[in-house]
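Biologist: Please show me the chain. I would like to ask what the terms used for it rest on.

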Amino acid sequence: MIIARAFLICLILSVFTLASCGTQSPGHITQATSSFDGSKQLIMEPAWLYSSIIKLALFKSSKMPNEKLILTAVVRGSHIFDDDPSLHFNIDGETLSLSSIDRLRDIDTSEGFTGSGFYVAPSNWSSKDYLVDVSFIEKIVAAEDVYVIVELTDSYAEGVFSNDAPITARQAFKDFLRQI
């Protein structure tokens with residue numbers, strides 16, 4: 001029984017490792033310099049909210065005001081975000097709602113994976129951007145309990161931000177803040 005369980009765990013980890021080949025891991029942070037204008041950019045790949053279909057990402061450019069950055073909400077599936085405000089945070093009991101800076105939502109499709117007898121289907125990801133203050137990110141990172149809801153036209157998605165499990169958004173946000 002223990003050997004079968006260990007084999008199953010190794011098998012699952014192998015599939016996830018192979019499925020993510022060629023993509024950055026959730027929460028990975030990259031520094032780049034624009035060839036166009038020389039601006040410096042700090043880019044965080046979307047990282048998971050705990051037990052959720054939501055990912056959050058961050059972006060900061062040296063051309064932006066020092067106190068501002070872009071927060072991107074990403075939801076698995078092809079969805080239309082509800083009218084603004086569409087992104088809500090419950091921060092230690094205080095609710096804060098954000099309106100998107102986008103008029104339209106983006107839909108991307110991740111590649112699937114086939115190999116070693118496994119198939120991971122491609123999936124759609126819908127996203128919208130929100131302009132926030134760095135102090136807001138510092139606040140949600142420091143808070144004890146943070147819950148997030150993304151309102152969609154026909155439903156909603158929710159998740160827990162205040163969890164420090166591997167590949168979750170909170171850990172990545174902490175790393176991002178150390179680099180800006």
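Biologist: What percentage of the 180 residues of the chain count as buried, and what makes a residue count as buried?

Modeller: Of the 180 residues, 38% count as buried. Buried means under 20% relative accessible area, with a 1.4 Å probe and protein chains only. This is a predicted model, where local features need pLDDT of at least 70 and side-chain atom pairs count only at pLDDT 80 or more, while totals for chains, interfaces and linings use all residues. Residues are numbered from 1 along each chain as its sequence is written, and side-chain values use heavy atoms, with hydrogens and water left out.

Biologist: How many helices and strands does the chain have, and what makes a run one or the other?

Modeller: There are 3 helices and 12 strands.

Biologist: Which residues of α3 are buried, and why are they said to be on the same side?

Modeller: In helix α3 (residues 169-179), they are A169, R170, A172, F173, F176 and L177. They cover an arc of only 160 degrees around the axis, so they lie on the same side of α3. The arc is taken from the directions from the helix axis to the C-beta atoms.

Biologist: Why are β6 and β12 called edges?

Modeller: The open sheet has 4 strands in the order β6-β5-β11-β12, with antiparallel pairing. β6 (94-98) and β12 (156-160) each have a single partner strand, so one side of each lacks a neighbour in the sheet.

Biologist: How do you know that β5 and β6 pair?

Modeller: Pairing requires that DSSP finds at least two bridges between two strands. β5 (residues 87-91) is joined to β6 by 5 bridges, so the two strands pair.

Technical notes: Helices (H or I, at least four residues) and strands (E, at least two) are DSSP runs, numbered from the N terminus. Buried means under 20% relative accessible area, exposed over 50%, partly exposed in between (1.4 Å probe, protein chains only).
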